[in-house]
Amino acid sequence: MDRQQQFDHILSLKKQLEAASIDYWHQFSNYTTWQFWTILAMLLVPLIVLYFFIDRKNIFLLGFFGFSIHVIAAYLDSLGVRKSWWDYPYIAIPQLPSSVSIDASFIPVYFILLYQWCLNKEKNYWLYGTLSAIAFTFIFKPLLIGLHLFELYTNWFVLLAAYLFVVYAAKLITNLFIKMSERA
């Protein structure tokens, strides 16, 4: 096959995968299942909590940090799903990535509130971020596995490395932007 034929073949496979995913959602993950409502709650409840508890004096700093967490987590989660390291058998909104509830809300909100706490109490973010990554890897994800909301196909340390990368990279990016703003 030439380049265009190969690309068209990949596009055809993507369309088949999309159709199969929508069909799967209708059969196993739609609004009549408890999994749908659990995943939807993991999307909405943290955002409601954040609305009430975010420190409005530092809202741009915390928002930037949370957005960094979200973007990095979403890219790494997408990579993990694409490489078949892990996957999510239930989704709330089939047109969005399967991990949107976790990557767009649950994890960013948790780490925004952790970062806020570390700032306000003068605690070491690196320590508490590391402990949180370990807890997400070895407590939260096994809980999701037990509920059949997450499936892991690689070893736990790949997942831990992904969480640690998210925790550290978001903080480093935030620190970089803080330094750049101080020089302005």
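The model is predicted, so local features need pLDDT of at least 70 and side-chain atom pairs count only at pLDDT 80 or more, whereas totals for chains, interfaces and linings use all residues. Residues are numbered from 1 along each chain as its sequence is written, and side-chain values use heavy atoms, with hydrogens and water left out.

The protein contains 6 helices and 2 strands. Along the sequence, the pattern reads α-α-α-β-α-α-β-α. The C-alpha atoms fill a box of roughly 55 × 45 × 30 Å, taken along the principal axes. Of the 184 residues, 37% are buried. Buried means under 20% relative accessible area, exposed means over 50%, and partly exposed lies in between, with a 1.4 Å probe and protein chains only. Contacts are heavy atoms within 4.5 Å. Among contacts with a separation of 6 or more, 72% join residues 24 or more positions apart.

Helix α1 covers residues 3-29. The expected span of a helix is 1.5 Å times one less than its number of residues. D2 sits in the segment before α1. Its relative accessibility is 44%, so D2 counts as partly exposed. D2 caps the N-terminal end of α1, with a side-chain oxygen 3.3 Å from the backbone nitrogen of Q4. A polar atom of the D2 side chain also lies 2.8 Å from the backbone nitrogen of Q5. Polar contacts are pairs of N or O atoms within 3.5 Å; within protein, one must be able to donate a hydrogen and the other to accept it, and residues adjacent in sequence count only if both atoms are side-chain atoms.

Helix α6 spans residues 156-182. Its 27 residues should span 39 Å at 1.5 Å a residue, and its end C-alpha atoms are 39 Å apart, which agrees. The N-terminal cap of α6 is N155, where a side-chain oxygen lies 2.9 Å from the backbone nitrogen of F157. The buried residues of α6 are L159, L160, A162, Y163, L164, V166, V167, A169, A170, K171 and T174. An α-helix has 3.6 residues a turn, so residues three or four places apart point the same way. The cover over the buried residues of α6 includes α3, β1 (86-87), α4, α5 (125-146) and β2 (151-152). S68 belongs to helix α3. At 8% relative accessibility, S68 counts as buried. Leaving aside residues up to four places away in sequence, S68 touches A170, I173 and T174.

Voids were computed on a 1 Å grid over the protein atoms alone: a cavity is a set of points where a 1.4 Å probe fits but cannot get out, a pocket is an open set with protein on both sides within 12 Å along at least five of seven lines, and lining residues have an atom within 4 Å of a point. Grid points are joined across faces, edges and corners, and a volume is the space filled by probe spheres set on the points. The count is 2 cavities of 30 Å³ or more.

The largest cavity holds about 110 Å³. Its lining consists of A73, L76, D77, W86, Y88, D103, I107, K141, L159, A162, Y163 and V166. At least two lining residues each come from α3 (59-82), α4 (100-121) and α6. Helix α6 gives the most, with 4 residues. The lining divides into 9 nonpolar, no polar and 3 charged residues. Here Ala, Val, Leu, Ile, Met, Phe, Trp, Tyr, Cys and Pro count as nonpolar, Asp, Glu, Lys and Arg as charged, and the others, Gly among them, as polar.

The second largest cavity holds about 60 Å³. I39, M42, Y88, Y90, S98, S99, S101, I102 and L149 line the second largest cavity. The elements giving two or more residues to this lining are α2 (34-53) and α4. By class, the lining has 6 nonpolar, 3 polar and no charged residues.

The largest pocket has a volume of about 890 Å³. It is lined by 22 residues, of which L17, S21, V81, D87 and S98 are the closest to its centre. Helix α1, helix α3 and strand β1 each supply at least two residues of the pocket lining. The largest share, 5 residues, comes from α1. The pocket lining divides into 11 nonpolar, 6 polar and 5 charged residues.
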